[in-house]
Amino acid sequence: MKAFVTGVAGQLGHDVVNELIKRGHEAVGTDLAPAYAGAQDGTAVTTAPYVSLDITDDAAVKRVITEAGVDAVIHCAAWTAVDKAEECEDLVRKINAGGTESIARVCRELDIPMMYFSTDYVFDGQGTRPWEPDDAYNPLGAYGRTKAEGEQAVKNNLEKFYILRIAWVFGVNGKNFIKTMLNLAKTHDTLRVVNDQIGTPTYTYDLARLVVDMMETDKYGIYHVTNEGDYISWYDFACAIMKEGGADHVTVNPCTSAEYGAQAVRPFNSRMNRSKITENGFTPLPTWQDALKRYVAILKDNNLI
């Protein structure tokens, strides 16, 4: 397989390219930057061809993907700054929905499959029941709306598609909650973290393995994918991070979302039913506790915290 991977400067795209090459596949990576030098944090990256691409440029999308001569597209690129999205929804829509539709149309013309990464934010976050892949959209904010529109663009244009809804993402190549917490622990003795938003984290290294597993099949459809383990709050996750990262001196205090006061509304219920993974014969991701342990060890080994 030769796959075209968007968003390789981000956490997920970086790991997907590495996993493809590790498994004997070819990859062509793309992002906005004129050149890609590897992981932003200085960790090793497998060499792969790279081309700069603005996914909002419809003509460029068609030309670059067609010229790449690939068998599939793994679309990791997205606007993910949730709060900032509230200030510039039209721009976010141009990227998350318009760019995705451009890619989907090219995949249809070339008759190749596409994988698109979505989010728990397409739901309203109410109740306590884990969300099912076929539950109806009801996003709370700009980010969720534009990601739902991206999903719809994929479904409207293609039959051979995978939509993976993921949540609470962390990886080596970029910023995330774990790095933020451990960096704050260097200068703070106390922290406030919300305890009324419930879900499970997703380690991009583990997710990349499942991505390639899926792309090697034709078991298309919508999947919910996070690491296994109990559903937790961000507060629970922060406490586990401090313990694993050796920052026991920090007192983590729980607070409500209203008390924290983020600009964009977050879903309270980000529980997602992951059972479709095993029902279709795929190996689920390890537990989030196992993922956290491995991830913090990597950060320590590379002097990243």
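Buried residues, defined by a relative accessible area under 20% (1.4 Å probe, protein chains only), make up 53% of the 305 residues in the protein. The model is a predicted one, in which local features need pLDDT of at least 70 and side-chain atom pairs count only at pLDDT 80 or more, whereas totals for chains, interfaces and linings use all residues. Residues are numbered from 1 along each chain as its sequence is written, and side-chain values use heavy atoms, with hydrogens and water left out.

The protein contains 11 helices and 13 strands, taken as DSSP runs (H or I, at least four residues, for helices; E, at least two, for strands) numbered from the N terminus. Of the contacts (heavy atoms within 4.5 Å) with a separation of 6 or more, 79% are between residues 24 or more positions apart.

Helix H6 (residues 177-184) packs against helix H8 (residues 234-244) at an angle of about 60 degrees, with the axes 10 Å apart. The contact is formed by Phe-177, Ile-178, Met-181 and Leu-182 of H6 together with Trp-234, Phe-237, Ala-238, Ile-241 and Met-242 of H8. These residues divide into 9 nonpolar, no polar and no charged, where nonpolar covers Ala, Val, Leu, Ile, Met, Phe, Trp, Tyr, Cys and Pro.

How values were computed:
Axes fitted to C-alpha atoms, helices over the stretch in contact; angles between N-to-C directions. Buried < 20%, exposed > 50% of the residue type's maximum accessible area, 1.4 Å probe, protein only.
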